[in-house]
Amino acid sequence: MSLYHRLREGAGRDWRAYVEHDFVKRLADGSLPEACFRHYLIQDYLFLIQFARAYGLAAYKASDLEDIRAASAALGAIVDTEIRLHIEFCAGWGLSEADMASAPEAAETMAYTRYVLDRGMAGDLLDLHVALAPCIVGYAEIGAGIGEVAGDHPYKAWIEMYASDDYQQVAVDEICLIDSLFERTGSEARVADLQRTFDKATRLEADFWQMGLDSRA
């Protein structure tokens, strides 16, 4: 079993609380209030900015050119593609980039993103990617779990984005990277600490969903 799958299995109820959160369930059946989704989109924009910083840190923490290139490519993808696509998507929900950029970060947004940066600063590249994994791979699991939606489902585009083959491959690549880093720099003695990081990041992701629900008008 890969390190990622060991960590996911070890997260147990925390993982289920994240991927089966009421926000996700209501997103899947279309009953999520639009005000909640808009608030989530704003915070996700701010979230992505901090994730870009995390990949800048990944380049700094890398110990060889291959890992630096991988971090640089991921940073470029977030800054040049993912954020641009998010801005375009949000425009369809009546949100401009100026609206999102001027919004205050929610406490839950700060909690997870700063936790990721803290683990990366205090540890190594493996610690950083284990903290990132619940977001990167968890969204792929959520998208695949919801599956296809028909008709005029209000959140169809969001669901299809994370269920897409392209995003599923992003998740596979992240799992492979974590396994590679563990083979190169890890040992069984580190697993308990990595599990604590993964569990904490998973709980913070669930809190991010709850933040969206709590914002309902």
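Rings of Phe, Tyr and Trp (its six-membered ring) count as a pair if their centres lie within 6.5 Å; planes under 30 degrees apart are called stacked, over 60 edge-to-face, and the rest tilted. By this rule, the count here comes to 24 aromatic pairs. One of them joins Phe47 and Phe51, a tilted pair with 4.7 Å from centre to centre and 40° between the planes. Because Phe47 and Phe51 are four residues apart in helix α4, about one helical turn separates them. Helices here are DSSP runs (H or I, at least four residues), numbered from the N terminus.

Before we go on, a word about the model: it is predicted, so local features need pLDDT of at least 70 and side-chain atom pairs count only at pLDDT 80 or more, while totals for chains, interfaces and linings use all residues. Residues are numbered from 1 along each chain as its sequence is written, and side-chain values use heavy atoms, with hydrogens and water left out.

Are Phe47 and Phe51 buried or exposed? Both are buried, a word that means under 20% relative accessible area, with exposed over 50% and partly exposed in between (1.4 Å probe, protein chains only). A second pair, Tyr139 and Trp209, is stacked, with 5.4 Å centre to centre and 20° between the planes. Tyr139 lies in helix α8 and Trp209 in helix α11, so this pair ties together parts that are 70 residues apart in sequence. Tyr139 counts as buried at 4% relative accessibility, and Trp209 counts as buried at 0%.

Let us now turn to the core. A nonpolar core is a set of buried Ala, Val, Leu, Ile, Met, Phe, Trp, Tyr and Cys residues joined through side-chain atoms within 4.5 Å. The largest one has 77 residues, and those touching the most other members are Phe37, Tyr40, Phe51, Tyr139, Trp158 and Trp209. Helix α4 gives the most to this core, with 15 residues. Leaving aside neighbours within four places in sequence, Phe51 is in contact (heavy atoms within 4.5 Å) with residues including Tyr112, Val116 and Leu132.

Tyr112 and Val116 are among the buried residues of helix α7. What covers the buried residues of α7 includes α4 (34-61), α8 (125-146) and α11 (191-214). How far apart are the end C-alpha atoms of α7? The helix has 16 residues (107-122), so at 1.5 Å a residue it should span 22 Å, and its end C-alpha atoms are 22 Å apart, which agrees. The expected span is 1.5 Å times one less than the number of residues.

Charged residues come next. A salt bridge is a side-chain nitrogen of Lys or Arg within 4 Å of a carboxyl oxygen of Asp or Glu, and the structure holds 13 of them. Arg6 and Glu188 meet in one, at 3.0 Å from N to O. That pair links distant parts of the chain, 182 residues apart: Arg6 is in helix α1 (residues 3-11), and Glu188 is in the loop between α10 (165-185) and α11. Arg6 is partly exposed, at 29%, whereas Glu188 is exposed, at 52%.

Finally, we return to helix α7, where Arg119 is found. Arg119 is buried, with a relative accessible area of 15%.

Definitions and conventions: Helix = DSSP H or I, 4+ residues; strand = E, 2+ residues; numbered from the N terminus.
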